[in-house]
Amino acid sequence: MDWKQEIVLCRDVAAIVGPVGGRAATTPASGRLLYDFVLHNRCGRVLELGFAHGNSTCYMAAALDELGGGSILTIDREAARLREPNIIELLAATGLAKYVEPIFAQSSYNWELLGLLERQRDGHTTRPLFDFVFVDGAHTWETDGLAFVLADKLLRPGGWILFDDIHWTIAASKAASGRRPTTVIDPAERVPQVGRVFALLVMQHPNYERFEVHGNWGWARKRRTRQEEALPEQAVSRLYETHS
Ligand SMILES: C[S@@+](CC[C@H](N)C(=O)[O-])C[C@H]1O[C@@H](n2cnc3c(N)ncnc32)[C@H](O)[C@@H]1O
């Protein structure tokens, strides 16, 4: 399969999903990047947080189709079912449904990840599952800070994590959409919250390296050498023993 042929296949998907969604949806140009990344890094297992209509999901699923297999676990909220078209319809239109498991969460993807962590639990460690995690959901410090902690446990050493919208702020978004309130603006609205997660949690994490920022995207690779280590079982009880 040469690159020229791949482009044609990716364009087939773009022709269907390109007109879907608004400003928040992955564009054909960004979709091509996702497609190439998944294809050329052979990311067989993908976790996506926030799918909306499923644009980004379809581009990544097209890469799995090229690879001849793989799966995407993607999570949004129940309300995403009401989107027109919704991810189920978009996956049917592109013929890529067999690669994707969409979860419509009652609450938040972080609660779905709790369930996944419980299933992957192995004593004091978690069996990692994914080669690539794409975070494009809440865009808030509180939700996505925790999402990184949880996704990190499920990301294989050597795997990559990508954050969309690292420069995005609630204030600028409201201004752009004409929804800026005339009342006092919460200072948190001026903070690029995903950017803070990336700079303070991901880039300072000892297990991450190869940080790259391109436009609104922040990439990081989980180090290959270090596996998660089990906590010493007696650490807390010994602490209390020594203080009794
Ligand atoms: C920017 S859109 C995703 C766009 C999609 N990745 C694409 O590029 O086509 C963000 C999505 O995240 C979802 N979302 C936000 N917070 C969430 C949460 N805590 N749990 C689940 N989904 C969430 C929203 O419902 C929305 O559909």
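A residue is taken as buried when 20 or more other C-beta atoms lie within 10 Å of its own, as exposed when there are 12 or fewer, and as partly exposed in between, with C-beta atoms placed from the backbone. By this criterion, 35% of the 244 residues of the chain are buried. The model is a predicted one, in which local features need pLDDT of at least 70 and side-chain atom pairs count only at pLDDT 80 or more, while totals for chains, interfaces and linings use all residues. Residue numbers start from 1 along each chain as its sequence is written.

Contacts are counted between residues whose C-beta atoms, placed from the backbone, lie within 7 Å. Of the contacts with a separation of 6 or more, 77% join residues 24 or more positions apart.

An α-helix has 3.6 residues a turn, so residues three or four places apart point the same way.

The ligand is surrounded by 20 residues, the closest being Thr26, Gly50, Asn55, Ser108 and Ala138; a residue is counted when its C-beta atom, placed from the backbone, lies within 6 Å of the molecule. Helix H3 (55-67) and strand S2 (71-77) are the elements that give two or more residues to this shell, and S2 gives the most, with three. By class, the shell holds nine nonpolar, eight polar and three charged residues. Here Ala, Val, Leu, Ile, Met, Phe, Trp, Tyr, Cys and Pro count as nonpolar, Asp, Glu, Lys and Arg as charged, and the others, Gly among them, as polar.

Strand S9 (residues 217-222) is paired with two other strands, where pairing requires at least two DSSP bridges. S7 and S9 run antiparallel and are joined by four bridges, with Trp160 partnered by Arg221 in S9. Strand S8 (residues 208-214) is also antiparallel to S9, over five bridges, and His214 has Trp217 as its bridge partner. S8 and S9 form a hairpin with two residues between them, and Gly215 in the turn has a positive phi of about 60°. The covered face of S9 carries Gly218, Ala220 and Lys222, whereas Trp217, Trp219 and Arg221 lie on the uncovered one.

Some backbone details in the loops are also worth a look. The peptide bond from Glu84 to Pro85 is cis, with omega near -5°, and Pro85 sits in the loop between S2 and helix H4 (87-94). Ala52 is not a glycine, yet has a positive phi of about 55°; this residue lies in the loop between S1 and H3. Ala52 counts as buried because it has 22 C-beta neighbours inside 10 Å. Asp165, likewise a residue other than glycine, has a positive phi near 65° and is placed in the loop between S7 and helix H7 (170-176). With 22 other C-beta atoms within 10 Å, Asp165 is buried.

Technical notes: Contact = placed C-beta atoms within 7 Å.
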